[in-house]
Amino acid sequence: MNIVVAMKQIPDLQQIRIRQRQPVLDGVPAALGIIDKNALEAAVLLKEEEGGQVIVLSAGNEEVEETVKEALAAGADQAFLVLDDSIENADGSLKAPILAEAIKKIDDVGLILFGEGSGDNYSGQLGSRVAELLGLPQVGYASRIQIQDSQAIITRSLEDGDELVKVTMPVVVSVLGDINEPRIPSVTQILKAGRKPKEVLELDELELDLSGLPQIKTLSNLAPETNRKQVKVGSVEELIQALKTEGVI
Amino acid sequence: MAGVIVYSANPELALELITVARLINDKVVALSINDDQLAQALSQAGAQAIKITHPDLVVADTAAVAAAIKQVLDGVQADVVLLSSDRRGKELAGRLAQVMGAGCLTDVAALEVKEGQIECQRNALGGATIAVQCIEGPQLIAIRPRSYPAAGTAAGSLEEMAVEIKASGVKVLEFKAKVGDKVDIEAAETLVAVGQGLSDEGQLAGVQDLAAKLGGEVACSKPVATDKKWLSEERIIGLSGKKCKPQLALLLGISGQVQFTVGIRDAKVIVAVNTDENAAINYMADYIMQADLHQVVQELKQKL
């Protein structure tokens, strides 16, 4: 059984600067989504017990070929990439059919893992969309995944409690950011990552009809205005006085 | 204006969705799945409540729930669906959007109808920015919990609708209700939040005393709960934690990464106590104290 891990290339959020409320993305390096790395780690741990291959799946611009090395170093066995500039900033309704079509080309898939949300948009809809397109069951917000024969036993962590579910594979699962601690690859693993197998498709090779999809229109995208007072206080007495004046204590 | 359908398995959030739906259309269809109590509550909040019934339909089976809601949509003139952006709602959102052929926005904190267009506000770029977006085509919008008040009492109606579904192979073995920390930091008027500047777990007692003295709750940045495990995850402020709007936020030893600040930037008054005079948090604080937080905690306890 193989495990597919869907990972998204995003701008390295730590390096985004704000200038006049506008995010500055020029020169910001690409990275893989933070929670996507938890999904990868979950896949690698399961593979270590159950065997099979871990295949990282990513769709984006041509930089993805470089960005994905991080996942290959951290335990993925191979990469399956769909590249096109138009995918990079596309929303879920466009990306889902691309990922679903790619997954159909991978043999013997038992688990398809996503992070609970991408690092940048945190929208959390792609896994659910892909599950629908593939006609597969899904379990979101997993804090634990075990495999028993052809079934997966998954703990879905909700706001008010934990739901233990049993589901027939193949299944699409999204994992929580605290399901595990992703491993940090060694130098040797990083060096070997470039030699791991990669299957790279151009978007038009998938022969998908992507016309007529709903569109998300972004009207503005600005850093929130911060009208904070930024008053320096030198002592606790001064602070208490200020907070009393504000009427908050 | 567009017909609107709302659904949340959580009764409180469902009532909030009715409030949001009325911004779009006065006539609101609200769904319940095999849940009499919820259906009653929805109709008493003035909605046209529809109780979807099927003996084998459980909310844990996202595929089946999406299929069931689609059957209602086919019979009702609606092109906007509102869900709650709690975990169940978000998991359903993508699936239902795909079934509907809809565009989908989740974690929407505010919604405004302008010239017939529904403009949604949500965090983007990890919380560094707030995007205003709208969907062209059928729309599925998931609203962040507690962004709107619950709908009040009004006259509505209630009907039942049987659906056909195919179970997708998800079986619930057990549900364990959360025990232990049931704190609701989103409801607190005052928050005392600690970050990685807190030297050790033993210092928490003083922080708790201070929070109690202020009539507030203790909260934290993510690493304090997930890496150090000094506090429960219920107390995390930030992008993957809670979004809070207290009157007073006292932030102790917090550097101010955007993944944190996105959860506290709506506070009325923010105080940052930090040893680093260049900490990012200082730029979004009303009062900045460059000092050792442990000492400040002790002094505040004595002098308040």
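Analyst: In helix 5 of chain A, the residues Leu126(A), Gly127(A), Ser128(A), Arg129(A), Val130(A), Ala131(A), Glu132(A) and Leu133(A) are buried, where buried means that 20 or more other C-beta atoms, placed from the backbone, lie within 10 Å of the residue's own, while 12 or fewer make a residue exposed and counts in between make it partly exposed. Because 8 of the 9 residues of this helix, which covers residues 126-134, are buried, helix 5 of chain A is largely enclosed by the rest of the structure. Helices here are DSSP runs of H or I with at least four residues, strands are runs of E with at least two, and both are numbered from the N terminus. This is a predicted model, in which local features need pLDDT of at least 70 and side-chain atom pairs count only at pLDDT 80 or more, whereas totals for chains, interfaces and linings use all residues. Residues are numbered from 1 along each chain as its sequence is written, and chains are lettered from A and ligands numbered from 1 in the order in which they are written.

Helix 5 of chain A is followed by Gly135(A), whose phi is positive, near 65°.

Which helix of chain A packs against helix 5 of chain A at an angle of about 50°? It is helix 4 of chain A, residues 92-104, and the two axes are 9 Å apart; such axes are lines fitted to C-alpha atoms, for helices over the stretch in contact, and the angles run from 0 to 180 degrees between N-to-C directions. The two helices are therefore oblique to each other, since angles under 35 degrees count as roughly parallel, over 145 as roughly antiparallel, 65 to 115 as roughly perpendicular and the rest as oblique. Their crossing is right-handed, a word used when the near helix is turned clockwise from the far one by less than a right angle, with anticlockwise giving left-handed. The contact is made by Gly92(A), Lys95(A), Ala96(A), Pro97(A), Leu99(A), Ala100(A) and Ile103(A) of helix 4 of chain A, together with Leu126(A), Arg129(A), Val130(A), Leu133(A) and Leu134(A) of helix 5 of chain A, and two residues are in contact if their C-beta atoms, placed from the backbone, lie within 7 Å. Sorted by class, this contact has 9 nonpolar, 1 polar and 2 charged residues, with Ala, Val, Leu, Ile, Met, Phe, Trp, Tyr, Cys and Pro counted as nonpolar, Asp, Glu, Lys and Arg as charged, and the others, Gly among them, as polar.

Helix 5 of chain A also meets helix 4 of chain B, residues 87-100, where the axes come within 7 Å and cross at roughly 45°. These two helices are therefore oblique to each other, and helix 5 of chain A passes helix 4 of chain B in a right-handed crossing. From chain A the contact takes in Leu126(A), Gly127(A), Ser128(A), Arg129(A), Ala131(A), Glu132(A) and Leu133(A), and from chain B it takes in Glu91(B), Ala93(B), Gly94(B), Arg95(B), Ala97(B), Gln98(B) and Val99(B).

Elsewhere in chain A, Val233(A) lies in the loop between strand 15 (231-232) and helix 7 (236-246). With 20 C-beta neighbours inside 10 Å, Val233(A) counts as buried. Apart from neighbours within four places in sequence, Val233(A) is in contact with Glu238(A), Leu239(A) and Ala242(A), and also with Tyr287(B), Ile288(B) and Met289(B) of chain B.
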